[in-house]
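Welcome! Take a moment to look over the sequence and the 3D view, and then we will walk through them together.

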Amino acid sequence: MANIASARKRIRQTAKRTARNTARKSRMRTFIKKVETAVEAGDHGAAREALRLAQPEIQRAASKGVIHHNTVARKISRLSARVKALAPA
């Protein structure tokens, strides 16, 4: 355990940030999972709606520094392509 006050504070801050980032990443994954579930079920309407809700959540994770911006672009692109492939011809 740290003895210096500033080091103790750093430990507290790190724990708080880690918890916050873990929650953000988990929330993002949940939204992605909802899109993937709808795609696997073949429900185009539900998949589009889930993607519409997931997109800002994924982008928020990047803006908060939880994941990289390019990772966000790749995830959204791939999810969009999968949803688009479900569209009735």
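## Getting started

In which helix is H44 found? H44 belongs to helix α2; helices here are DSSP runs (H or I, at least four residues), numbered from the N terminus. Before going further, please note that this is a predicted model, in which local features need pLDDT of at least 70 and side-chain atom pairs count only at pLDDT 80 or more, while totals for chains, interfaces and linings use all residues. Residues are numbered from 1 along each chain as its sequence is written, and side-chain values use heavy atoms, with hydrogens and water left out.

Not counting residues up to four places away in sequence, H44 touches V83, L86, A87 and P88, where a contact means heavy atoms within 4.5 Å.

A54 also lies in helix α2, which covers residues 44–63. A54 is buried too, with a relative accessible area of 0%. Beyond residues up to four places away in sequence, A54 touches F31 and V35. A54 and K33 are 21 residues apart in sequence, and their C-alpha atoms are 9.3 Å apart in space.

Leaving aside neighbours within four places in sequence, V72 is in contact with I58, Q59, A62 and I67.

## How α1 packs

Two packed helices are described by the angle between their axes and the distance between the axes. Here axes are lines fitted to C-alpha atoms over the stretch in contact, and angles run from 0 to 180 degrees between N-to-C directions. The axes of α1 and α2 come within 8 Å and cross at roughly 160 degrees. That makes the pair roughly antiparallel, the label for angles over 145 degrees. By class, their contact has 14 nonpolar, no polar and three charged residues; Ala, Val, Leu, Ile, Met, Phe, Trp, Tyr, Cys and Pro count as nonpolar, Asp, Glu, Lys and Arg as charged, and the others, Gly among them, as polar.

With α3, α1 packs at an angle of about 25 degrees, the axes being 10 Å apart. α1 is therefore roughly parallel to α3, a label for angles under 35 degrees. In this contact, I32, V35, E36, A38, V39 and E40 of α1 meet K75, L79, R82, V83 and L86 of α3. These residues divide into seven nonpolar, no polar and four charged.

## How α2 meets α3

What angle do α2 and α3 make where they pack? The angle is about 175 degrees, and the axes are 10 Å apart. α2 and α3 are therefore roughly antiparallel to each other. Among the α2 residues making this contact are H44, L51 and I58, while those of α3 include V72, L79 and V83. The contact's residues divide into nine nonpolar, six polar and one charged.

How values were computed
Helix = DSSP H or I, 4+ residues; strand = E, 2+ residues; numbered from the N terminus. Buried < 20%, exposed > 50% of the residue type's maximum accessible area, 1.4 Å probe, protein only. Parallel < 35°, antiparallel > 145°, perpendicular 65-115°, else oblique.
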